[in-house]
Amino acid sequence: MKKFILASILIGFFSCNNTDLPKPNVIIIYADDLGYGDVSSYGLGTLQTPNIDKIANEGIRFTNGYASSATCSPSRYALMTGTYPWRNNKAKILTGANLIIDTTEMTLPKMFKSMGYSTGIVGKWHIGLGNENNRVNLVVNNLTREIIKETKAVFGTINYNSKVKPGPNEVGFDHSFIMADTQDRVPTVYIENGNVVNLDPSDPLEVSFRGNFEGEPTGLNNPELLSMMWHHGHNSSIVNGVPRIGFQRGGKSAMWSDIDMADKFLDEAKKYISSVKDEPFFLYYTLQQPHVPRTPHPRFEGSSGMGPRGDVIVEADWCIGEMYKYLEDEGLIDNTIIIISSDNGPVLNDGYFDDAVEKLGDHDPFGGLRGGKYSLFEAGTRVPFITYWKGKIKPQVSNELVTQIDFLESFSSLIGSDIKSKDGIDLSDVFFRNKGQGRTEFVLEATSRTAFRQNNWVMIPPYKGSPFNESVNIEVGNSKKYLLFNLDTDTSQEYDLSDEYPEKLKEMIKRYGEITGDELGEVEELILE
Ligand code: NG6
Ligand code: CA
């Protein structure tokens, strides 16, 4: 009898606890190409980010937090779905391509919606729009062929003159105000809930990756029109003096102003919050900085002393500070979880001459890690990673291994949903309760190649291709042999231990094969003669 009473109390306690689970608002602030060393609270670079630091110092600052990929679209796909990007062969850098999430697939916003949340995205999207029904054609010119070779990008063309869907609204967002791909790609317009903002139907917007529209200037042919010079790629249509990837004609009234983009996204993010603040909400606030082209608002020009790359990080940091103030003013700060992270590691010259290299000074965006964007080495995927929940999370620096794939399952568990994801794990204790353990293993991706981290060991399989991407000046992690590093003693991956620890290497190759389905033989085929 006693046992029965105890059991009833326990059941009562747990079920009551369950319905009582908190429903905090959630904002994921996701920067584009922000490096592990770019946030000053990490203590690795010299650039100052006081607003991010405040959140980092009062929340949990993760030193082993990972994006799923060293490029954007795969990382964003993984964050949204809790699925490794290398499982989806469409999850490569996208350019005007169709949506790469199946609309029947579970996503982070769908999970929030199922628990009564309002869901919104403001900022960069870059996981494709539309499907074969509103596709125009897909023919590539020599330049795009080169880019595809180098970055394994996927090109396509969408019709932007009618409602563009499926997109964010069809995979779980009630509201969307987005840039389709990146700031360096056409179309240079905002899209709100599937419609190009301010588009005049009498001046339709045409987009092509095949070739130029007759009579339109390009970065290649009209350098006199440029306010920013291209270095590699980025020499097609010119908008606001900046040459872009891809060709575009018409849609003049819809063109965005690059220098106002940060303010625009911030305003739209606040507008969204103000429209839903009486119910729990999830906002995915995806900043465009510091991806190229770096176009700070004039009030941030010169603010970092490091040229436009530093200036747009200062601008992004200011936006984060403004968002924080707004949450305070609206009385929302106590009940809002804030996450700050980045979709991949840093790059200095990513296609424009913009003084990123020349004015860097002593700053280290890579935070002492090897590689960078596009790389299988650590700087490709290890990124700033911060969780904040006022009064709930205690300030902490955590060395636990955590990844963005884990957001879906961790938030699901936090708010009492039973939705799971394919590859994520429930790290709600680590993210939000200052306890528990992180992952023991993780397969990271960089331009369609993968590497394996297990505890503090990293194994990089052999890959064909140049070890070095000359255009961006980054070691991408291709080598003729397996590489093995121990991050415990060698954070900067200088010492390949594969010959010294053959048993460890073998064990890791085996486990990596079990997860990825790559048989040892297949991987070995990649070894260069
Ligand atoms: C590459 C672009 C690079 C950047 C990247 C996407 C060239 C030569 N390079 O193809 O500038 O736009 O794609 O970056 O065009 S990401 O952060 O969105 O993955
Ligand atoms: Ca990126």
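Reader: Thanks! Which residue does Glu445 stand opposite in strand 20?
Author: Glu445 faces Thr450 there. This is a predicted model, by the way. Strand 20 covers residues 449–454, and strand 19 pairs with strand 20 in the antiparallel sense, over 6 bridges.

Reader: What is the strand order in that open sheet of 4 strands?
Author: The order is 19-20-21-24, and the pairing is antiparallel. From one strand to the next, the twist averages 20°.

Reader: And why is one side of strand 19 and of strand 24 left without a neighbour in the sheet?
Author: Strand 19 (441–446) and strand 24 (483–486) are at the edges with a single partner strand each, so one side of each has no neighbour in the sheet.

Reader: Which helix lies across those strands?
Author: Helix 11, residues 502–516, lies across strands 19, 20, 21 and 24. Helix 11 runs at about 120° to strand 20.

Reader: What polar atoms sit by the oxygens of ligand 1?
Author: A polar backbone atom of Cys72 is 2.8 Å from an oxygen atom of ligand 1. For Asp350, a backbone N or O atom lies 2.9 Å from a ligand oxygen. His126 contributes a polar side-chain atom, 3.3 Å from an oxygen of ligand 1. On its own, ligand 1 has 450 Å² of accessible area, and the protein covers 98% of that.

Reader: Good to know! What about the open sheet of 10 strands, what's the order there?
Author: That one reads 8-7-6-4-14-1-15-17-2-18, with mixed pairing. Strand 8 (195–196) and strand 18 (396–403) are its edges, and each has a single partner strand, so one side of each lacks a neighbour in the sheet.

Reader: How does strand 7 pair with strand 8?
Author: Strand 7, residues 190–192, pairs with strand 8 in the antiparallel sense over 2 bridges. The bridge partner of Glu192 in strand 8 is Asn195.

Reader: Last topic: where is confidence lowest, and where is it highest?
Author: Helix 1 (residues 2–19) is lowest, with a mean of 42, and strand 1 (residues 25–31) is highest, at 99. Residues 1–17 have pLDDT below 50, and that stretch has 1 contact in the model beyond near neighbours in sequence. Residues 520–529 also stay under 50, with 16 contacts beyond four places in sequence. The protein averages a pLDDT of 92, and 91% of the residues score at least 70.

Definitions and conventions. Residues numbered from 1 in each chain as written. Chains lettered and ligands numbered in written order. Predicted model: local features only at pLDDT ≥ 70, side-chain atom pairs only at ≥ 80, totals over all residues. Heavy atoms only, no water. Pairing = 2+ DSSP bridges. Axes fitted to C-alpha atoms, helices over the stretch in contact; angles between N-to-C directions. Contact = heavy atoms within 4.5 Å. Polar contact = N/O pair within 3.5 Å; in protein donor to acceptor, adjacent residues only side chain to side chain. Areas by Shrake-Rupley, 256 points an atom, 1.4 Å probe, with all protein chains shown as cover. pLDDT = per-residue confidence, 0-100.
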